[in-house]
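Please give a short report on this structure for someone who has not seen it before. Cover its salt bridges, its pockets and one of its helices.

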Amino acid sequence: MYSGVFQLSLWDFIAVVLGITHITIASVTIYLHRHSAHRGLDLHPVVSHFFRFWLWLTTGMNTKEWVAVHRKHHQASDTESDPHSPKIYGIWHVLFGGAFLYVKAKQDPEVMKLGVGTPNDWLEQHIYSPHSAKGILLLLAIDITLFGWVGVIVWGVQMLWIPLWAAGVINGLAHWFGYRNTDTADTSRNLFPIAFWIGGEELHNGHHANGTSPKFSQKWWEFDIGWLYIKLFCTMRLLTIKKSFSITNKSL
């Protein structure tokens, strides 16, 4: 069996998979969510494009589509117009079928009108948007080259990571189970006070309480690892925090 460039033990593979999937999670929460959808951050062009390339490679997701669906979620949280509310669709549908609800929502022209202000440069028009499938196929080739046929498993985990944790757990469980610091009009909840596994997105009620704030934690005992990354990027002058923390959760 072809073993690939790197000869890794089982624990090495686990560490590699957790590392690369966490980069994907960080790309979603910093670039797609806090920067692109809510405009709370201004990223250095190099950092912004790295995240955009990484997401094309590891998820095939399009910035405009993700932003539009997420903004629709904030405009209509837990109503009939919400693209993925467990209150409307049921927790099991969103938890295990959230990715399909996302695909359905991005096909709605009215939803897509909300994707304003997202990249529309040459790369987006000629590479990322029209060839989203080629990114994840390129990733498959890279994984097999680096890890041998075990790379197929690595690739499979990468393909399932965002549909499971973002489209399923955050969109589903974070509107179904957990605690609330703020009595928002929707059903958003915080899953855990120590939020690092999903990049800080576990503090979902904190986010809905103040939608454009790039900081999701509200209490001193809550930890948002996404906010930690943001502060580190600030010290390196690769990011600027734009929004105040007083804007309501209905703002874009």
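## Salt bridges

Arg-52, Asp-121 and Glu-124 are linked in a network of salt bridges. A salt bridge here is a side-chain nitrogen of Lys or Arg within 4 Å of a carboxyl oxygen of Asp or Glu. By this rule the count is six. The model is predicted: local features need pLDDT of at least 70, side-chain atom pairs count only at pLDDT 80 or more, and totals for chains, interfaces and linings use all residues. Residues are numbered from 1 along each chain as its sequence is written, and side-chain values use heavy atoms, with hydrogens and water left out.

Lys-106 pairs with Glu-65, with 3.3 Å between the closest N and O atoms. Lys-113 forms a salt bridge with Glu-110, and here the closest N and O atoms are 3.0 Å apart. Arg-180 and Asp-183 also meet through their side chains, at 3.2 Å from N to O.

## Exposure of the partners

Lys-106 has 25% relative accessibility, so it counts as partly exposed. Lys-113 counts as exposed because its value is 55%. Arg-180 is partly exposed at 27%.

## The largest pocket

The largest pocket has a volume of about 630 Å³. Of its 33 lining residues, Met-61, Trp-66, Tyr-102, Ile-162 and Ala-167 are the closest to the centre. The search uses a 1 Å grid over the protein atoms alone and a 1.4 Å probe; a pocket is an open set of points with protein on both sides within 12 Å along at least five of seven lines, and lining residues have an atom within 4 Å of a point. Points are joined across faces, edges and corners, and the volume is the space filled by probe spheres set on them.

Which helices each supply at least two residues of this lining? They are H1 (10-37), H3 (63-75), H5 (91-106), H8 (132-147) and H9 (151-172). H9 gives the largest share, eight residues. Helices are DSSP runs (H or I, at least four residues), numbered from the N terminus. By class, the lining has 17 nonpolar, 13 polar and three charged residues. Ala, Val, Leu, Ile, Met, Phe, Trp, Tyr, Cys and Pro count as nonpolar, Asp, Glu, Lys and Arg as charged, and the others, Gly among them, as polar.

## The second largest pocket

The second largest pocket has a volume of about 160 Å³. Its lining includes Lys-72, Asp-82, Tyr-89, Lys-104 and Glu-110. H5 and helix H6 (109-112) each supply at least two lining residues. H5 gives the most, with three. The lining has five nonpolar, one polar and six charged residues.

## Helix H8

H8 has 16 residues. From first C-alpha to last, H8 reaches 23 Å, close to the 22 Å expected at 1.5 Å a residue. The expected span is 1.5 Å times one less than the number of residues.

Gly-135, Ile-136, Leu-139, Asp-143, Ile-144 and Phe-147 are the buried residues of H8. They pack against H1, helix H2 (45-58) and H9, where contact means heavy atoms within 4.5 Å. Gly-148 follows H8, and its phi is positive, near 75°.

Conventions:
Buried means under 20% relative accessible area, exposed over 50%, partly exposed in between (1.4 Å probe, protein chains only).
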